[in-house]
Amino acid sequence: MHLGHLEGVLQSYVAMQDKYRVYYMIADWHALTTDYEKPGQIAENTAEMIKDWLSVGIDPAKAALFVQSSVKEHAELALLLGFITPVPWLERNPTYKEQRQELTTRDLSTYGFLGYPVLMAADILLYKSDVVPIGEDQRPHLELAREIARRFNNLYGEILFPEPKEILTRYPKLPGIDGRKMSKSYDNAIFLTDDEKTVGQKIQRMFTDPKKIRKNDPGNPDNCVVCAFHQVYNTAECDTVISECRSGTRGCVDCKKALAVRLNARLAPIREKRATIDKDPSIVADIIRDGTKRARQAAGDTMSSVRRLMKLG
Ligand code: SF4
């Protein structure tokens, strides 16, 4: 995971674990909706993602961490919810339309791709979730989960599923080092696992105001990726950075060096925690085993009620 994830979703995860009983899931089945032709990376990515979660402060004593495919009730509930979900609800999903147009290199005319919001609804409702941390783009999915919950409760005459509310994750103000959205596929991301030297090198490559050529030229910090990072990782000195840049008393080389110090200080405890986890691979296995047990317990309880209400014995 990269800094965009850290400042967006991961911060929300850490904050929520102190307030709620939380279940955090690696959605390996969902990864297949678009990557079904090349599933090779999914298992490796699963372990890496759990390590990232732990290194940023997600506490397995508070949060149940598990892998979706290890809790088969997700599949059972998705199947059953599929029977009550009208197809037009899925076809009007904006992500469905957008991704089919954008991801032209993959064949997404599959049943799994159309139906993945039903699986997502199952992921949420299985734990009778009151709140779900989501990004802005996932709002239609959560609304669909609410509609499915409502339909289920009406059809079977019992309020089994609460209608889950959203907790919008903080929108990360961090661009990638080239100014576009930070993304692994754009090769512009700074990763949680990058060492000090790599972080320094990436900061050297960051786009700055193209009109500021010499040290003493006045610059426009609004046009500068380095400044966007100072605003997140160097809040105490950010006003000084901006005014010195505008007045031409600050050079880009020094400005980048100062940022590297701040960012590496932010990443140091994350790297330290990660190194401890890497020394003992059994830590991750034990945490997943424990999280899976807790998730199965909750999921099993819900499915007993679902089967009873749907007269499945
Ligand atoms: Fe960006 Fe700093 Fe250079 Fe100004 S001085 S353009 S804020 S790197």
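**Reading a pocket and a cavity**

Reader: Which helix gives the largest share of the lining of the second largest pocket?

Author: H7 gives the largest share of that lining, with 7 residues; a pocket is an open set of points on a 1 Å grid over the protein atoms alone, with protein on both sides within 12 Å along at least five of seven lines, and lining residues have an atom within 4 Å of a point. This is a predicted model, in which local features need pLDDT of at least 70 and side-chain atom pairs count only at pLDDT 80 or more, while totals for chains, interfaces and linings use all residues. Residues are numbered from 1 along each chain as its sequence is written, and side-chain values use heavy atoms, without hydrogens and water.

Reader: Which residues lie nearest the centre of this second largest pocket?

Author: Tyr111, Gly112, Gly115, Tyr116 and Val118 lie nearest the centre, out of 17 residues that line the second largest pocket. At least two lining residues come from each of helix H2 (28-35), helix H4 (73-84), helix H5 (87-91) and helix H7 (111-125), helices being DSSP runs of H or I with at least four residues. The second largest pocket holds about 430 Å³ of space, the volume filled by probe spheres set on the points.

Reader: How many cavities of 30 Å³ or more does a search of the whole structure find?

Author: The search finds 1 cavity of that size, a cavity being a set of points where a 1.4 Å probe fits but cannot get out. About 90 Å³ of space lies in the largest cavity, and among its 13 lining residues Lys212, Cys224, Cys245, Cys252 and Cys255 are the closest to its centre. Helix H10 (225-233), helix H11 (238-247) and helix H12 (252-279) are the elements that give two or more residues to this lining.
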